[in-house]
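Student: I would like a close look at one part of this model, taken slowly. Please start with a single loop residue and then go on to a helix and its packing.

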Amino acid sequence: MEVTANIALKPKKTRSIQRFHPWIFSGAIAFIDGEPENGDFVQVTDTKGKILGHGFFTPDASIAVRMTHFGKEKVIERWWHERLQRAYDLRNDLGFVANAETTAYRLIHGEGDGFPGLIIDHYDGVLVMQVHAPGMWMIKDELVASLVEIYGDNLKAVYNKSRDTLPNAEAMQVENYYAHGSDSALAKMTAKEYGLEFNIDWEKGQKTGFFIDQRENRKLLGDLSKGKKVLNTFSYTAGFSVFALQAGATLVHSLDSSARALEVGENNVALNSLDDGRHKSIQADAVQYLKQLEEDYDIIVLDPPAFAKHQRARHRAVQGYKRINMQAIKHIKPGGLIFTFSCSQAVDKELFNNTVIASAIEAGRKVRILHQLHQPADHPVNAFHPEGEYLKGLVLRVD
């Protein structure tokens, strides 16, 4: 991989790179030697020419360079293949690759696996790619060839779903497409979590088709749901609902503002033969529904979409988390449990926890934290990139 330009950092802006943080913001650049284009591979130095590392360049973006590695190492043939192999080996060590009971897992988690701006999820032999950085788009064909080699006959298809995630996708004429195999080769579009089956729509569904990151938290909810009444807000695929029903919950309500989401959830309930009268779908606004709560739920799940996708929206997001948590804490029955989450990268764990505590103070209820939740091991966090820990969660007991 050829270096097209040199990016020199301001003297006081090299410290984060020396601590191996993989993002270089545009304001840290002192000067550029060369004329790098969108997605070009560049060398990063200090102003005296000392090489700090290499990465992909994105002009006119707040994150100007996403580092691929640090130091003088050169990217040679099969360099990316070896990184993919290490990611695959990790998932194999974690017990996912040959697991017939759980066939949905994340293969590549961006910076956590050394692939800045790339997500790859696995669904029962189908890999779904989402590219968030132009540099990764430039090497997509090389990545697909390596995936085919690594998975062999176990790979049914690779679907590249980057049209809505890649900056300037329209100008780059990016379309979603099958990079390997095709939809006609797929007998069914489902995957399993702990033996429970879910419909996966990677072509039209949100993200890559399913929210794999909540797998272990759904299982924990199931472990606590026997004999309980459960409300699952922002239910979408009804993943939490399915686990609660399978575990023996006496009543499960899935609430979402989208009729389409509720239909997806109903289909997943039926897919697992759990449509036995205990489940009900409710189309409503979550905050308004909680304000007028009539059912004495034992467990409430609050799993909203990202309220803040960037720092500018953080204050508004915090207010949103505070409102919904306050209403749930205020109205749940004594002894009830609340599973509450944030997937907003701009809201870190400390801020989220403090927001939930502020909600409890305003609600005037006694609240204890039983579990602190996060994304699972197939979504690894680079130790030098805390932003990679985007999913935060708490299990609260309200007395």
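Tutor: Leucine 391 lies in the loop between β19 (367-374) and β20 (392-398); strands here are DSSP runs of E with at least two residues, helices are runs of H or I with at least four, and both are numbered from the N terminus. The model is predicted, so local features need pLDDT of at least 70 and side-chain atom pairs pLDDT 80 or more, while totals for chains, interfaces and linings use all residues. Residues are numbered from 1 along each chain as its sequence is written, and side-chain values use heavy atoms, without hydrogens or water.

With a relative accessible area of 2%, leucine 391 is buried (buried is under 20%, exposed over 50%, partly exposed in between, with a 1.4 Å probe and protein chains only). Leaving aside residues up to four places away in sequence, leucine 391 touches Asp213, Gln214, Asn217, Phe341, Ser342, Cys343, Leu373, His374 and Gln375, where contact means heavy atoms within 4.5 Å. One of these, leucine 373, is 18 residues away along the chain, and its C-alpha is 8.0 Å from that of leucine 391.

Now the helix. α4 covers residues 140-151, and its 12 residues reach 16 Å from first C-alpha to last, close to the 16 Å expected (1.5 Å times one less than the number of residues). Its buried residues are Lys140, Leu143, Val144, Ser146, Leu147, Ile150 and Tyr151. They cover an arc of only 165° around the axis, which puts them on the same side of α4; the arc is taken from the directions from the helix axis to the C-beta atoms. An α-helix has 3.6 residues a turn, so residues three or four places apart point the same way. After α4 comes glycine 152, with a positive phi near 60°.

α4 packs against helix α2 (residues 79-93) at an angle of about 45°, the axes being 10 Å apart. Axes are lines fitted to C-alpha atoms, for helices over the stretch in contact, and angles between N-to-C directions run from 0 to 180 degrees. That angle makes α2 oblique to α4 (under 35 degrees is roughly parallel, over 145 roughly antiparallel, 65 to 115 roughly perpendicular, the rest oblique). On the α2 side the contact is made by Trp80, His81, Leu84, Gln85 and Tyr88; on the α4 side, by Glu142, Leu143, Ser146, Leu147, Glu149, Ile150 and Tyr151.
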